[in-house]
Amino acid sequence: MKTRWYKDAVVYQIYPRSFCDGNGDGIGDIRGIISKLDYIKSLGVDAVWLSPVYKSPNDDNGYDISDYRDIMDEFGALDDWKEMIEGMHSRGIRLIMDLVVNHTSDEHAWFVESRKKDSNYRDYYIWRKGRGKNGKKPPNNWTSNFVGPAWEYDEQSGEWYLHLFSKKQPDLNWENPKVRQEVADICNYWFDLGVDGFRCDVITYISKRDGLPNGKLKFPLIGNENYIVGPNYHKYIRELNERSFSRYDSMTVGESIGITPDNAFEAIDESVGELDTVFSFDHMGVDFKMNVIPAKFNLAKYKKILDKWQQLPKTCQPTIFLENHDQPRCLPRFSGDYGDKRELAGMALAASMLFMRATPYIYQGQEIGMTNCDFRQEDYQDIMSVNALKMIKRVCPILLPYARKVLLKRARDHARTPMQWTAGENAGFSTVKPWMKLNPNYKEINVEDSESREDSLLNFYRKALAYRKGKDVIICGDFKLVYPKSKDIFAYVREYHGKRLFVIVNFKNKKVDFKLPKDLTFNNCSLALNNYADASKTLKDMKLREYEALVYEL
């Protein structure tokens, strides 16, 4: 029976390659995660989302899977994984695995067989004849999300296969009912081993438009309208839910580009039998122009987007996040020039997100205020960063300085620097040089230092998570923005059956005047959470200090 436990849950995301190295080879692994289970428990989170640990040749750091039923050698063995999940469950922590089924690795046995035209697996992937003389042009003009054409010519079979990401990540053909059954079987295999849910990678890409027509080429040259929330998307997800998800007390969350507040009801409402929740990315785009050019963060626009999700029916559960493995660190992104107030800024961001009606996600290192890294060009490891630099160097080298500037703000690599555990050698991440550049500020920003200070960002997260647990006003309450057009203040009221919370956050590194709304009435109030020791216990007109965060019970 579905208990919908995720409505009162906070999820901690682990990117295993960068979390903790347990065997001294410079790469994070499952033994490393096991060694930190008590730390994870101490945060007060309810579940862990684990980025892929399946067998993979690592073209895209594990998001190119060659065997869905086994563990990558670099991360350990299946027995290690079983020990890890047992350790999580014994501590009251659920495990959410990554489900990457829009595509596989080109080294997966299915694809290896698929390259033979007479194979029973040929129709597991999307093969097409090329255009032009001798079929040497791609079947259509679609472009990869990782730069370049979305098609790769295969000499062995004389045809092209579709890959919306790397050429080593061929797209599965979800029109084939055998593929859909394979996916359900994979999910049930892991559920039977104890998994509590799945984060579904680029799941809205699984259904392509009939005939694979050319896309409208627009910046940044991706024909998205042909495969985002395609014609059979809902049919396929309902079928997968029926065959797998609904049979367990599970939680599913989709990386669901194309799902917005306007169409979310048909995708996540409890009545439709599809996914339980989705990640919305529209709030992450308020500091972009044309999707790729960094722009100044717009707090008013950010609040407006989040408010739309908050107004969905209570049978639709939103999510909220500020960081993940595909996004740069949140402090420079949302807090601007925080100067020496890094932890206060981190507390402000935490307070703003943790008390909305949503399932919050915290990414490893976010709880100690890890920051972006000052990468040189040769430091980038992510396939997206590497491919972008190669393409610009080839097509328009004059833009290379600008591309480097953009990557210093927006590269996925920033989230993948090793976790900063101590000020000691290799940040306590490993006994040897890590697989990726360490952020040099690990000597000042690390878990060990944060543990030693009661007023640290880490301990603020612990207090906030402990406070929100089990509170109906947070789980179920109505949401109302206060001063929605303010460019400085993020404030809102939560209300449920006579109980009210008032959250006030100054997003700026400057003092800001706050006036109590005239329509807000209350007999008394108590200060529940604050990030300045001498915060006002009385809710009144006040001058908010830099990044001040206040939560009152009314």
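Rings of Phe, Tyr and Trp (its six-membered ring) are taken to pair if their centres lie within 6.5 Å, with planes under 30 degrees apart counted as stacked, over 60 as edge-to-face and the rest as tilted. By this rule the count comes to 41 aromatic pairs. In one of them, the ring centres of Tyr205 and Tyr227 are 4.9 Å apart and the planes stand at 65°, so the pair is edge-to-face. Tyr205 and Tyr227 each lie in the loop between β9 (197-200) and α6 (233-243), so the pair ties together parts that are 22 residues apart in sequence; helices (H or I, at least four residues) and strands (E, at least two) are here DSSP runs, numbered from the N terminus. Both Tyr205 and Tyr227 are buried, where buried means under 20% relative accessible area, exposed over 50% and partly exposed in between (1.4 Å probe, protein chains only).

The model is predicted, and local features therefore need pLDDT of at least 70 and side-chain atom pairs count only at pLDDT 80 or more, whereas totals for chains, interfaces and linings use all residues. Residues are numbered from 1 along each chain as its sequence is written, and side-chain values use heavy atoms, with hydrogens and water left out.

Ring pairs also link Tyr54, Tyr68, Trp81, Trp110, Tyr121, Tyr124, Tyr189 and Trp190 into a cluster. A charge is assigned to a position over a ring if NZ of Lys or CZ of Arg is within 6 Å of the ring centre and within 35 degrees of the ring normal. Arg122 lies over the face of Trp127, at 3.9 Å from the ring centre, and Arg17 lies over the face of Trp435, at 5.4 Å from the ring centre.

Strand pairing was assigned where DSSP finds at least two bridges between two strands. An open sheet of three strands has the order β6-β8-β7, with antiparallel pairing, and its edge strands, β6 (127-128) and β7 (151-154), each pair on one side only. Between β6 and β8 (residues 159-162) the antiparallel pairing runs over two bridges, and Arg128 stands opposite Trp160 in β8.

Strand β17 (residues 489-496) is mostly covered, six of its eight residues being buried. With β18 (residues 499-506), β17 pairs in the antiparallel sense over eight bridges, and Phe490 stands opposite Val505 in β18. The hairpin of β17 and β18 has two residues between the strands, and His497 in the turn has a positive phi of about 50°.

For helix packing, axes are lines fitted to C-alpha atoms over the stretch in contact, and angles run from 0 to 180 degrees between N-to-C directions. Helix α11 (residues 383-395) and helix α12 (residues 400-410) pack at an angle of about 165°, with their axes 10 Å apart. That makes α11 roughly antiparallel to α12, given that angles under 35 degrees count as roughly parallel, over 145 as roughly antiparallel, 65 to 115 as roughly perpendicular and the rest as oblique. The axes of α5 (residues 177-192) and α6 come within 9 Å and cross at roughly 40°, which makes α5 oblique to α6.
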